[in-house]
Amino acid sequence: GFAAAAIAVTPAVLVGAGDIASCSYADDEATGRLLDSIRGVVFTAGDDAYPNGTVDDFANCYDPTWGRHKSRTRPAIGNHDFQTDAGAPYYAYFGAAAGDSGLGYYSYDLAGWHVIVLNSNLSVSAGSPQKLWVPADLGAHSATCTLAYWHHPRFSSGEHGNSSDMEPAWQALYDANGDVAISAHDHTYERFAPQTPTGALDTTRGIRAFVAGTGGADFYAFTSIRVNSQVRINTVHGVLKLTLHPSSYEWAFIGTDRVVHDSGTGSCH
């Protein structure tokens, strides 16, 4: 019967946040405990270990909290992680899970979805190695659904705001019918309506963006509300959970208070 078939299908889960761990606060311990009860692949959206991504920062601040999920984590590198030797301790800590050492961009497949991880500390401008890699990687994978994550958000209403530097990456994703982009950097949660690379509403082919800089770092204000911003939260830490179906997805922002503060569904292009 239908019920039995539905039970047998367990969709894949991608869950995580950015701006995570410091030895100077306990909020990363709270978000790490959330992960204890959520299965699936864990992502980081950069600034994994404050303040400087040193060997000690990873060993003493990240490892005791989110580090217990390291075997199922696929990380992205942030500017704080990049500060020490262009991320050498970050690459050493995560190993092969972080892609080729020194590049910080890679891709993987998850339950029929293609997932791209970018290094927004490196250029994605025309002719750069990373910009050349993105469309080549997308062209080599013909998945129905595509998701990308990196640290500096293309769109954000927070203090750091929009990163125009990441527009070429958005363009490549958009050209390949990408579906979801997740970033952090601003210590907030924000969800956008689907947009073009320049920020125009596009309900047909637009990419839905999330800012999930809620892993533990102190909150930022919303200083410049962007036109297609739909939900903004800067009062509770938490993780963004994406449930991945063959041609659609569900999202839920789960706070450390164990409350779902935002949720919804989207279709793949």
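A cavity here is a set of points, on a 1 Å grid over the protein atoms alone, where a 1.4 Å probe fits but cannot get out, and its lining residues have an atom within 4 Å of a point. Before you click, note that this is a predicted model, where local features need pLDDT of at least 70 and side-chain atom pairs pLDDT 80 or more, while totals for chains, interfaces and linings use all residues. Residues are numbered from 1 along each chain as its sequence is written, and side-chain values use heavy atoms, without hydrogens or water.

**Stop one: the cavity.** Select P153, R154, F155, W170, A181, S183, A209, F210 and V211, which line the largest cavity. Two elements, β7 (180-183) and β9, each give two or more residues to this lining; strands are DSSP runs of E, at least two residues, numbered from the N terminus. The volume is about 40 Å³, taken as the space filled by probe spheres set on the points.

**Stop two: T214.** Now move to the loop between β9 (208-212) and β10 (229-233), where you'll find T214. Is T214 buried or exposed? T214 counts as buried because its relative accessibility is 0%, and buried means under 20% (1.4 Å probe, protein chains only).

**Stop three: around T214.** Show what T214 touches, leaving aside neighbours within four places in sequence: the contacts include A17, T31, Y189 and F253, with contact meaning heavy atoms within 4.5 Å. Finally, pick G238: its backbone oxygen lies 2.8 Å from a polar atom of the T214 side chain.

Terms used: Helices (H or I, at least four residues) and strands (E, at least two) are DSSP runs, numbered from the N terminus. Buried means under 20% relative accessible area, exposed over 50%, partly exposed in between (1.4 Å probe, protein chains only). A polar contact is a pair of N or O atoms within 3.5 Å; within protein, one must be able to donate a hydrogen and the other to accept it, and residues adjacent in sequence count only if both atoms are side-chain atoms. On a 1 Å grid over the protein atoms alone, a cavity is a set of points where a 1.4 Å probe fits but cannot get out, and a pocket is an open set with protein on both sides within 12 Å along at least five of seven lines; lining residues have an atom within 4 Å of a point.
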